[in-house]
Amino acid sequence: MTSVDPVPTLSETRLRDLRPSSEPVEILARVVSVERREVTRRSDGGRRPLLSGLLSDGTATVRFTWWDPPREGIERGTVLRAAGVEVREFRGRPELTFSWKTRVEPASAVELPRVTGEEFPLKRVVDLAPPEEGFRLRARVVRVEPKSVTVGEERRVVHEGLLADRTGSIAFSSWSDFQLVPGEAIQVAGGYLRTFRSRQQLVLDDRSVVSRIDADDLPEPAELLHAGPRSIAAVEDAGGGEAVAVEGIVVGLLPPSGLVYRCPTCRRTVKSGICRVHGQVEGQADLRARIVLDDGTGALTINAGRAETERLWGVTLAEARARLRDQPDPTLLEEQILERLLGRRLRVRGQGSKDDFGVTIQPESIEAVDVDLDAAAAELSARMPGGR
Ligand SMILES: [Zn+2]
């Protein structure tokens, strides 16, 4: 199986083929990330400059260290050819060291290996973790939507959605239009992973290869999007998830809930007229509710936005502001929302992520489930601290 275009005199070692050895190698790769530092020499206390970061040629990503690098010209995105590079091993993975013996010259992106994807190992969604690269994934397109974003001066379209196999689901964003359609089964190669707002994401670009496949072993979108609720304990164990459904009882609200003011530029909540990024701003009124939901196996937070809060509370933003004019104490609104929601059973679907404070769900839908109020009260009191 030929994995790369035949090059007449291929002197470079592909990054996936790197093995620790005493023989220096020649490589051709793109700088994926780079950081400039200085370390202090023990011998004379002098400062020695150092670049470190990640290199990728599409077949693998490896860490590199470059002693006494040039003052400039090596940035994220730079493609370079380097001969006389040492290969070492750190925690079972190869790493590259550039020294005074290494010769580096600029190279062009078209010289990078063209990957077909078939040479990459097949991974399951559950096995993916940044900075994984050089893998193949067979998955179902659960959903996909174009979204217009501004990059610098330019308007660009990014295709965002969700892919799934039997082991889990992962969000993706693609800068190329692969004409993806919900429901189809695809094989993806040449993508890479990143973590964005504590959420893992598969990123596809014009170097990625997408092909349609026949796959009966992949879940149908409906199985994921309309799956019944799981226990909150299971969602916590999984660290959240892209298409989470839970059902539980409202046991509290976390601040800030109720009327909040947001920065008109970044939508962060504004405290005393100050956005922590944009400074003094004219805050825009908004409603939110950070609902604590408990199903007996655990608790998580639902970040309800304005529309969901208005619907669950039965009070609009305009009405809430009018109430404040009569009683100018914002904590009253929070109490009124809690009074309306406490003990209600909600079924929530959305995207869950986990941090030190537990799992938070960004809801796509919140349904109130009819419940026997006496039974709910009994269930609730059984769950109060000391009642467990
Ligand atoms: Zn701001």
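**Terms set against values**

Guide: The protein chain comes to 6 helices and 21 strands, where helices (H or I, at least four residues) and strands (E, at least two) are DSSP runs, numbered from the N terminus. This is a predicted model, in which local features need pLDDT of at least 70 and side-chain atom pairs count only at pLDDT 80 or more, while totals for chains, interfaces and linings use all residues. Residues are numbered from 1 along each chain as its sequence is written, and side-chain values use heavy atoms, with hydrogens and water left out.

Visitor: Which protein atoms are the donors of the zinc ion?

Guide: They are Cys263 (SG), Cys266 (SG), Cys275 (SG) and His278 (ND1), which lie 2.1 to 2.3 Å from the zinc ion; donors are N, O and S atoms within 2.8 Å of the metal (3.2 Å for Na, K and Ca), and because water is not among the atoms, sites may look incomplete. In sequence these donor residues follow the spacing C-x2-C-x8-C-x2-H. Cys263, in the loop between E15 and strand E16 (274-275), and His278, in the loop between E16 and strand E17 (279-280), are 15 residues apart and link distant parts of the chain.

Visitor: Why is the site of the zinc ion called tetrahedral?

Guide: Four donors count as tetrahedral if all angles lie between 85 and 135 degrees, and the angles among the 4 donor atoms here are 103 to 114 degrees, so the site is tetrahedral. For reference, ideal angles at a metal are 109.5 degrees for four tetrahedral donors.

Visitor: How do you know whether Cys263 is buried or exposed?

Guide: Buried means under 20% relative accessible area, exposed over 50%, and partly exposed in between (1.4 Å probe, protein chains only). Cys263 has 0% relative accessibility and therefore counts as buried, whereas His278, at 36%, counts as partly exposed. Over the protein chain, buried residues make up 44% of the 388 residues.

Visitor: What makes the span of helix H5 close to the expected one?

Guide: The expected span of a helix is 1.5 Å times one less than its number of residues. H5 (residues 330-341) has 12 residues and reaches 17 Å from its first C-alpha to its last, which is close to the 16 Å expected.

Visitor: Why are the buried residues of H5 said to be on the same side?

Guide: The buried residues in question are Leu333, Ile337 and Leu341. They cover an arc of only 65 degrees around the axis, which puts them on the same side of H5; the arc is that of the directions from the helix axis to the C-beta atoms. As background, an α-helix has 3.6 residues a turn, so residues three or four places apart point the same way. What covers the buried residues of H5 includes strand E15 (240-262), strand E18 (284-294), helix H3 (306-313) and helix H4 (317-326), with contact meaning heavy atoms within 4.5 Å.

Visitor: What is buried in H4, and what is exposed on the other side?

Guide: Leu317, Ala320 and Leu324 are buried in H4. They cover an arc of only 60 degrees around the axis, which puts them on the same side of H4, while Ala318, Arg325 and Asp326 are exposed on the other side.

Visitor: How do you know that E15 and E18 pair?

Guide: Two strands pair if DSSP finds at least two bridges between them, and E15 and E18 have 10 bridges in the antiparallel sense.

Conventions
Tetrahedral: all angles 85-135°; square planar, octahedral: opposite > 155°, others 65-115°.
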